[in-house]
Amino acid sequence: MKVSKNELTASLKKAFEALGFQPGDYYDAADMVVWLETHGFYGFDRLLAVLAYLNTTAPVHAELVQEDVHNFVLDGKGTSVLLCGSEAVDLIRAQVMKGACAGLELTNCYNRTFIIQRLIKAAQRNLAFVAYWRQLDCCVKVSVKPGAVLPEYQTFTMLDVIDPQSLIIFCGKSIEAIEEQYAAELEFGTLVDTFSTQEMTDSYRNSVEEGIEIDESLWETLDKLVARVLVESTDSSRAGAGE
Amino acid sequence: MHIPSSLDQADSGVNRLPMRPAGQVMQLERLGSFHQSRLSFMRTLVRRMVVENWQINSPVFDLDEHGYGTVVYQIEAKYGTFSYVVFSHYLDPERRNDRVIADQWDLTMALCEGTVDTKQLEFLRNNVPKQEAGRVDSRVLVLSRANRSARLFDYVVNELADGCQPDVDAIADVGYLYRTTAAYGSGKLGMADWEKVWTKHRDFARPFAAEMFTCFMLRHFSMQQADYLASQRSPTKAVALHEDIKRYIGIGNSTGLGMAPFLINHPLLINQWIEMRETALATAVATSEIGVDLETLLRLDTSVERVIQHLNEIVTADERQSKANIQVAKELQLLHVWLQEESTALAISHYVWASLTQYAEQHWLIETQEVINTLLIELYPELVDGLEDHMWVEESYQITPEMSVAELLEVVEEKYDWALAIDFTQYESMGAFWYRSDEKMEPRLGQTNIDMGMEKEMPLGIGRRVRECYDLIYSYNQSYPDQDVAHFVVRNPTYSGIVARIQTMAESHYGDIRENLVHSDVLPIHLLRCKLSFFGVSKFDPRSRLWVRNTMFQGAPLISDFGKLFFDDWQFPIKPTLTSG
């Protein structure tokens with residue numbers, strides 16, 4: 001079946017609300033899923049992968065465990081980027097707004113691809129981002145120029161072993177400034193794959209024009225979650241609001 | 001999209017418009033006293049259709065002798081072709097219900113892009129009548145339904161079949177042949193996203209333009225169906241409805257709590273609508289700084305007379321609204337007499353509108369003030385109509401993480417002083433809560449500690465959330481005086497949403513609606529009326545504090561008027577005096 005972007009976003013917000021997310025968190029989480037799905041990053045598959053965890057665990061947020069002038073470490077405590085991605089990006093961009101480039105490591109977190117939407121949104125405030133994380137035996141690198149609405153998405157072989165559940169984010173006024181300041185940290189092996197911006201654009205245009213294809217079982221799952229935020233209707237509650 | 005307003009200009013100190021302050025405009029009672037204006041979506045749509053001479057015909061008109069069946073209208077607008085599909089069904093009068101929770105209607109309709117072929121028509125026939133229980137696709141822009149006026153429809157058809165025109169007073173009592181009970185767009189139920197409408201269909205690339213057009217076409221169908229049924233019943237004797245009566249027939253509308261959360265959940269959009277309306281008003285007032293000429297004063301007087309008649313013709317059982325209508329009419333009568341007596345002298349003495357608005361604020365009801373404001377905007381179409389292109393804004397709420405916590409405290413104290421002034425230790429201040437019912441997710445208002453569902457409360461109590469956030473920030477600032485908002489949010493992640501709202505809305509001109517929406521005595525009807533005024537409805541008839549009946553497009557031109565000389569003056573409709581024809 002097909003759903004519209006607005007319809008999907010509304011359903012996801014209520015579903016995340018049912019899972020205990022607070023306002024703000026459920027707006028951001030819904031936006032992350034929709035962005036990934038509409039741009040060809042398999043947002044639904046990634047959502048399915050995390051739903052079981054979210055359904056059995058009260059929302060967990062990351063904890064700031066270390067910081068200096070330019071660098072932060074956040075402990076994700078096993079949670080999803082859906083819940084801690086926004087805080088990580090806000091923390092690092094606050095630092096850059098006050099001065100030079102900054103770096104952040106978000107450890108012990110899952111669903112790291114969702115961070116792309118947060119980086120794109122933050123980039124609209126004239127900031128650049130480079131993020132990377134380990135995916136199986138490779139490393140995913142995402143670069144977002146200031147004001148860009150699409151990222152550069154590349155997969156490389158690893159030169160050094162990267163922690164399998166960490167996400168590294170650098171922020172600065174330009175990609176060049178980040179690459180200059182963090183040159184040592186941004187060395188990767190051979191380019192394995194890219195996901196072109198044209199493919200992302202085509203995917204998005206098709207989503208808007210034709211709607212978004214969603215598996216009926218996932219839609220039913222979301223409907224069941226949404227039902228949790230609804231209150232049983234009674235004659236009393238029905239009264240007075242129309243005829 | 002955002003255009004500079006007087007408040008932006010204030011920084012440069014040039015051409016500052018006399019904008020009203022947020023503390024005055026954003027009071028809920030005032031918002032609930034708004035009337036339609038030239039910027040209302042129905043007015044904008046009608047101007048566009050008439051001037052661009054949209055061509056509308058009905059390639060399929062397949063109704064039986066009872067008026068049941070299918071009609072497809074084809075619309076050739078300026079930039080594209082659209083189809084409006086109507087399914088007319090038998091409805092047991094016992095099942096006629098205007099609530100969102102209804103599941104059957106007299107009419108169901110869909111506005112589609114392009115032309116509709118046999119296959120698509122069959123798809124629509126299988127889904128549109130089910131409304132929320134069906135699914136459509138991205139070729140559909142709007143889905144809607146309507147119920148017949150039990151009082152008026154049969155009467156009008158009988159009169160026409162007898163060769164007579166219906167009594168205008170009978171029309172005035174009701175105002176419509178059908179009531180629409182919902183018009184869904186923006187991607188609901190599989191329809192086209194607003195983004196698609198906005199980027200692909202320029203004819204409807206303004207807020208609620210497609211939804212308003214759906215109601216306009218319903219009005220056209222309702223009168224065409226009445227004419228058709230009369231001619232079926234008495235082929236030789238029947239007459240067609242007089243065109244002056246047709247213009248006076250609108251579409252009924254019942255609006256309940258379903259509309260209320262929209263205003264709270266889209267504060268940037270509401271801010272934009274209000275800012276444009278206030279810019280229009282400020283433009284009108286500023287234009288008069290060199291004095292108002294006699295012709296303009298007399299035009300205002302003509303409009304005032306019309307509004308007085310309009311108010312006197314409104315039928316409402318609501319005591320508060322009825323008293324208000326009487327009082328507003330009385331106060332406008334004073335204005336009318338004054339204009340009659342003083343206009344010539346006022347023109348000579350370079351009278352300015354600021355004197356009138358100031359007098360109204362000091363002596364008259366808020367409702368009267370807002371009628372006058374609407375009429376002032378009407379006087380300067382060439383200066384204000386361009387604002388209609390700026391009624392939409394892309395909504396994005398984002399934290400400004402580098403802001404210091406101390407600065408955030410100041411922002412709350414300055415922009416949300418109204419929220420901090422509420423005493424939330426009083427039971428009444430948190431005596432109500434909003435929730436979604438399991439009947440089609442209909443929003444409802446419950447009483448705290450009395451009704452069930454408090455644990456599933458919708459976060460519409462913005463004032464209370466701001467207060468809680470402020471208290472926490474205050475405490476945090478004591479412990480970490482040099483820290484920024486990013487650190488505050490990392491340590492208090494459940495407040496990220498309200499912090500983003502505070503910081504985003506603080507940058508807007510008018511900000512949030514200044515009302516405690518979880519107070520025991522909250523009047524949601526003000527929220528409904530505010531939004532409906534931007535739609536462009538008239539004749540507000542509150543049925544309780546939770547829902548309101550009103551009339552859409554009453555007085556508007558007909559399709560047969562498209563392309564003809566057009567005076568955009570159909571607001572505040574009054575009973576027609578029939579001319580021949």
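Modeller: The centres of domain 1 of chain A and domain 2 of chain A, taken over C-alpha atoms, are 22 Å apart. This is a predicted model, in which local features need pLDDT of at least 70 and side-chain atom pairs count only at pLDDT 80 or more, while totals for chains, interfaces and linings use all residues. Residues are numbered from 1 along each chain as its sequence is written, and chains are lettered from A and ligands numbered from 1 in the order in which they are written.

Domain 1 of chain A covers 1-59 + 196-227, and domain 2 covers 61-195; such bounds come from an automatic or database domain assignment. Their contact takes 18 residues from domain 1 of chain A and 16 residues from domain 2 of chain A. Two residues are in contact if their C-beta atoms, placed from the backbone, lie within 7 Å. On the domain 1 side, α2 (25-38), α3 (43-56) and α7 (197-210) of chain A each supply at least two residues. Helices (H or I, at least four residues) and strands (E, at least two) are DSSP runs numbered from the N terminus. The largest share of that side, seven residues, is from α2(A). By class, the side has 10 nonpolar, three polar and five charged residues. Here Ala, Val, Leu, Ile, Met, Phe, Trp, Tyr, Cys and Pro count as nonpolar, Asp, Glu, Lys and Arg as charged, and the others, Gly among them, as polar.

Next, the sheet of chain A. Eight strands form an open sheet in the order β2-β3-β4-β8-β5-β6-β7-β9 (chain A), with mixed pairing; two strands pair if DSSP finds at least two bridges between them. At the edges, β2 (63-67) and β9 (191-195) of chain A each pair on one side only. From one strand to the next the twist averages 20°. Strands β4 (residues 102-107) and β8 (residues 167-172) of chain A run antiparallel and are joined by five bridges. In this pair, L104(A) stands opposite I169(A). Helix α5 (residues 115-123) of chain A lies across β5 (128-135), β6 (138-144) and β8 of chain A, at about 175° to β5(A). Axes are lines fitted to C-alpha atoms, for helices over the stretch in contact, and angles run from 0 to 180 degrees between N-to-C directions.

I169(A) also touches A88(A), V89(A), I92(A), F129(A) and A131(A), among others, not counting residues up to four places away in sequence. I169(A) is one of the residues with the most contacts inside the largest nonpolar core, which has 233 residues. A nonpolar core is a set of buried Ala, Val, Leu, Ile, Met, Phe, Trp, Tyr and Cys residues joined through C-beta atoms within 7 Å. A residue is buried if 20 or more other C-beta atoms lie within 10 Å of its own, exposed if 12 or fewer, and partly exposed in between.

Finally, the two chains. Their contact takes 48 residues from chain B and 37 residues from chain A. An open sheet of three strands has the order β11(A)-β8(B)-β9(B). β11 (230-231) of chain A and β9 (443-447) of chain B each have a single partner strand, so one side of each is left without a neighbour in the sheet. β11(A) and β8(B) pair in the parallel sense over two bridges, with V231(A) partnered by S437(B). β8 (residues 432-437) of chain B pairs with β9(B) in the antiparallel sense over five bridges.
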